[in-house]
Number of protein chains: 2
Amino acid sequence: MQLLKDRIIKDGTVIGTEIVKVDSFLNQQLDVNLFQAIGREIHQRFKNDKVDKILTIEASGIAIATVTAMEYGNIPLVYAKKAKPNTMTDDFYKAAVKSFTKGTVSEVVVSRKYLQPGEKILIIDDFLAHGEAMQGLISLCRQAQCEVVGLCAVIEKSFQGGGDKLRKAGYHLESLARIKAIADGKIVFAD
Amino acid sequence: MQLLKDRIIKDGTVIGTEIVKVDSFLNQQLDVNLFQAIGREIHQRFKNDKVDKILTIEASGIAIATVTAMEYGNIPLVYAKKAKPNTMTDDFYKAAVKSFTKGTVSEVVVSRKYLQPGEKILIIDDFLAHGEAMQGLISLCRQAQCEVVGLCAVIEKSFQGGGDKLRKAGYHLESLARIKAIADGKIVFAD
């Protein structure tokens, strides 16, 4: 997605050789214009698939999932939570997820009633690095006996291997911008 | 907002005398149709105010802030984070916020560069109970010397007093649904 890649070059910040900060437009501060374009692009990339529901993870996936759900004609979206609130009294599915940026392992949870057996799920997240968050979301879907129609990352850091693992496992994974390396402080895209 | 009140009655669940669960349509699982109506209503309620930016707090405020920012013609939105990620290297403003539902005190942070002196800010959150989250967001704006144009809660539990404190302090606070009591397992709206 050229618009996104241009924006990453213009406003992204590189830290070391592994981290790209995009918090001026993608997380923390959000450019809603760009988000609408992202929602259209995701919908376009999965246009041949029937999708019942979008699944993401708090927090930065929520806005992306919201605009995408709108593009799909307002299908429901569900987000997994990183801590079980004390209002969450129902049975829930859970999976362990390691955060690359925070250096922590957390348990993500979703109420059983929001993932029903047989539902066709599109999983969306902002970043795909080692693939831990995606794997956690896939685990929630498998526990619920949902069908994972596809996976979409806004930015994939392909040099960290998570994307290739998911492709090898047979998932239809789309990444709107694939970064293959960060070299000499510069971002190098895969295509 | 009648559509919202009807939905709370239809799909909300009461726990004890203080908690209303709305995770089948407002948080955890989101009805994007309803969200678009909420965005239009918030824009309508603050139509006389110039708003430069929307400020909310992760996670459940993000989707509401996204649809509202769209209604405003795609102004930027900023969300405060509940934990400082290790990619957040800039100076930041911080405030302590007690979570009513989680029973914890956390520090919320926002990068200084996303709240600039003089900016006119509309603060949005899903729930207003004791007002702790709103007070934290107001504190971030004051530290940044921004102008708080208004506050909007999707659901105010007025019996917990946070809203009245904010009104007495002179803020223009709008709540789309005000719950004045939970009695015998039933929700009683203020109007």
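This is a predicted model: local features need pLDDT of at least 70, side-chain atom pairs count only at pLDDT 80 or more; totals for chains, interfaces and linings use all residues.
Two bridges join β3(A) to strand β5 (residues 77–80) of chain B, and the two strands run antiparallel. Strands here are DSSP E runs of at least two residues and helices are H or I runs of at least four, numbered from the N terminus; two strands pair if DSSP finds at least two bridges between them.

Residues are numbered from 1 along each chain as its sequence is written, chains are lettered from A and ligands numbered from 1 in the order in which they are written, and side-chain values use heavy atoms, with hydrogens and water left out.

- Seven strands make an open sheet with mixed pairing, in the order β11(A)-β10(A)-β9(A)-β8(A)-β4(A)-β5(A)-β3(B).
- Its edge strands, each pairing on one side only, are β11 (186–189) of chain A and β3 (29–30) of chain B.
- Inside chain A, β4 (residues 53–57) and β5(A) pair in the parallel sense over four bridges.
- Leu55(A) stands opposite Val78(A) in β5(A).

**The interface**
- Chain A puts 44 residues into the contact and chain B puts in 44 residues, with contact meaning heavy atoms within 4.5 Å.
- The two chains bury about 3700 Å² between them, 55% of it on carbon and sulfur atoms; buried area is the accessible area (1.4 Å probe) lost on putting two parts together, summed over both.
- Salt bridges (a side-chain nitrogen of Lys or Arg within 4 Å of a carboxyl oxygen of Asp or Glu) come to zero between chain A and chain B.
- Polar contacts link 14 residue pairs across the interface, both residues at pLDDT 80 or more. The rule wants N or O atoms within 3.5 Å; within protein, one must be able to donate a hydrogen and the other to accept it, and residues adjacent in sequence count only if both atoms are side-chain atoms.
- Elements giving two or more residues to chain A's side include α2 (32–45), α3 (61–71) and β7 (104–111).
- α3(A) gives the largest share of that side, six residues.
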